[in-house]
Amino acid sequence: MEVTEKTEKLSETPKGRKKKKVKAFDVVLIILLSLFAFICLYPFLDQFLISFSTKQDFYNSTLMTLPKHFTFDSYKFILYQDRIGYAFLVSLLVTVVGVAYSMTLTILGAYILAKEGLPGRKIFFVFVLITMFFGGGLVPFYLTIKEIGLMNNILSVIIPFGINSFNMIILRNFFSQVPKEMIESCKLDGAGEFTILFKFVIPLSKAGIATIALFYMVERWNDWYWPMLFLQDAPDWAPLALELRNVLSSSQSTGIGGGGSIDPGVLFEEGKQAAMIVISMIPILCVYPFVQKYFVKGVMIGSVKD
């Protein structure tokens with residue numbers, strides 16, 4: 001009897017607590033956001049399905065291609081080509097070295113701009129802002145790279161792109177959030193600037209570091225324009241993004257090398273292009289989940305300055 005009474009009391013709705021009503025505005029908002037999410041995901045999902053489809057599946061489809069005759073032949077065709085594997089390694093080299101190089105310069109520059117006692121700090125900050133709105137132009141930049149002897153050199157797509165002003169300002173705002181009392185206490189204990197930066201400021205700014213590193217990584221991995229200009233006579237150094245651009249812009253791909261298990265009857269141009277797109281996206285999709293928890297926090301905090 002006592003158990004029944006307790007159960008009835010627990011099932012009763014507490015007084016003063018009203019059930020939340022679903023408003024028409026909330027329903028419309030959910031529908032619009034769901035539609036927007038579908039629009040964002042549709043191109044990737046469509047290309048992903050096309051890459052596993054046959055020619056017959058593709059030409060018999062309407063809104064979205066469904067791989068009724070599942071096949072890996074498009075991926076075999078792309079991976080059997082000699083240039084793809086080498087281009088992947090080139091992109092990996094440019095991304096790893098480029099991100100390390102850019103993060104080193106960006107961290108040092110952001111830390112300097114975050115120091116309030118630095119003489120002329122505001123003037124330096126204005127100079128950084130100017131570079132965000134005004135540039136020297138494509139032709140002077142191209143001629144500069146040519147004059148310093150970096151043409152057809154892999155360093156031409158790494159060294160000139162060391163710092164992104166926007167990323168440095170975001171990281172500078174992050175470093176400004178570190179308590180001043182902590183930095184002053186470190187100085188009283190005899191710590192130098194590099195000790196303060198690497199043992200205190202950077203560990204307290206992991207979200208900002210991860211966010212900026214992701215920005216640089218995506219920028220390096222997807223870059224094809226500058227390699228196209230600076231590596232014209234060095235096709236062996238062409239990164240994967242440039243190879244993808246060449247595949248998408250050409251009407252026919254190169255021949256098959258050692259692909260005897262590929263059925264030419266199921267291959268079609270759109271499928272090969274879709275496979276190339278998916279292959280180029282895999283590294284970013286693998287890395288993003290590990291930094292996603294820092295990403296939103298990094299953008300929100302780093303974009304606001306007290």
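Visitor: Is leucine 197 buried or exposed?
Guide: In this predicted model, leucine 197 has a relative accessible area of 1%, and because the cut-off for buried is under 20%, leucine 197 counts as buried.

Visitor: Where does leucine 197 lie, and what does leucine 197 touch?
Guide: Leucine 197 lies in helix H10, and, if residues up to four places away in sequence are not counted, leucine 197 touches Ile107, Leu108, Tyr111, Phe175, Ile202 and Pro203.

Visitor: How far apart are leucine 197 and phenylalanine 175?
Guide: Leucine 197 and phenylalanine 175 are 22 residues apart in sequence, and from C-alpha to C-alpha the separation in space is 9.3 Å.

Visitor: Staying with H10, how does helix H9 cross helix H10?
Guide: The axes of H9, residues 180-188, and H10, residues 193-201, come within 10 Å of each other and cross at roughly 130°. That angle is the reason why H9 is described as oblique to H10, and the crossing of H9 and H10 is right-handed.

Visitor: Which residues of H9 and H10 meet?
Guide: On the H9 side they are Met182, Ile183, Cys186 and Lys187, and these meet Glu193, Ile196 and Phe200 of H10. Sorted by class, the residues of this contact between H9 and H10 comprise five nonpolar and two charged, with no polar ones.

Visitor: Now the core. Which residues of the largest nonpolar core touch the most other members?
Guide: The largest nonpolar core has 44 residues, and within it Ile107, Leu171 and Phe175 touch the most other members. Helix H5, which covers residues 82-114, gives the most to this core, contributing nine residues.

Visitor: What is leucine 171 in contact with?
Guide: Once its neighbours within four places in sequence are left aside, leucine 171 is in contact with Thr106, Ile107, Ala110, Gly208, Ile209 and Ile212.

Visitor: Where is asparagine 152, and what is phi of asparagine 152 near?
Guide: Asparagine 152 sits in the loop between helix H7, residues 138-147, and H8, and its phi is near 60°, which is a positive value in a residue other than glycine. At 30% relative accessibility, asparagine 152 counts as partly exposed.

Visitor: Stepping back, how many helices and strands does the protein chain have?
Guide: The protein chain has 14 helices and zero strands. Buried residues make up 35% of its 306 residues, and, among contacts between residues at least 6 apart in sequence, 75% join residues at least 24 apart.

Note on methods:
Residues are numbered from 1 along each chain as its sequence is written. This is a predicted model: local features need pLDDT of at least 70, side-chain atom pairs count only at pLDDT 80 or more; totals for chains, interfaces and linings use all residues. Side-chain values use heavy atoms; hydrogens and water are left out. Axes are lines fitted to C-alpha atoms, for helices over the stretch in contact, and angles run from 0 to 180 degrees between N-to-C directions. Helices (H or I, at least four residues) and strands (E, at least two) are DSSP runs, numbered from the N terminus. Angles under 35 degrees count as roughly parallel, over 145 as roughly antiparallel, 65 to 115 as roughly perpendicular and the rest as oblique. A crossing is left-handed if the near helix is turned anticlockwise from the far one by less than a right angle, and right-handed if clockwise. Contact means heavy atoms within 4.5 Å. Ala, Val, Leu, Ile, Met, Phe, Trp, Tyr, Cys and Pro count as nonpolar, Asp, Glu, Lys and Arg as charged, and the others, Gly among them, as polar. A nonpolar core is a set of buried Ala, Val, Leu, Ile, Met, Phe, Trp, Tyr and Cys residues joined through side-chain atoms within 4.5 Å. Buried means under 20% relative accessible area, exposed over 50%, partly exposed in between (1.4 Å probe, protein chains only).
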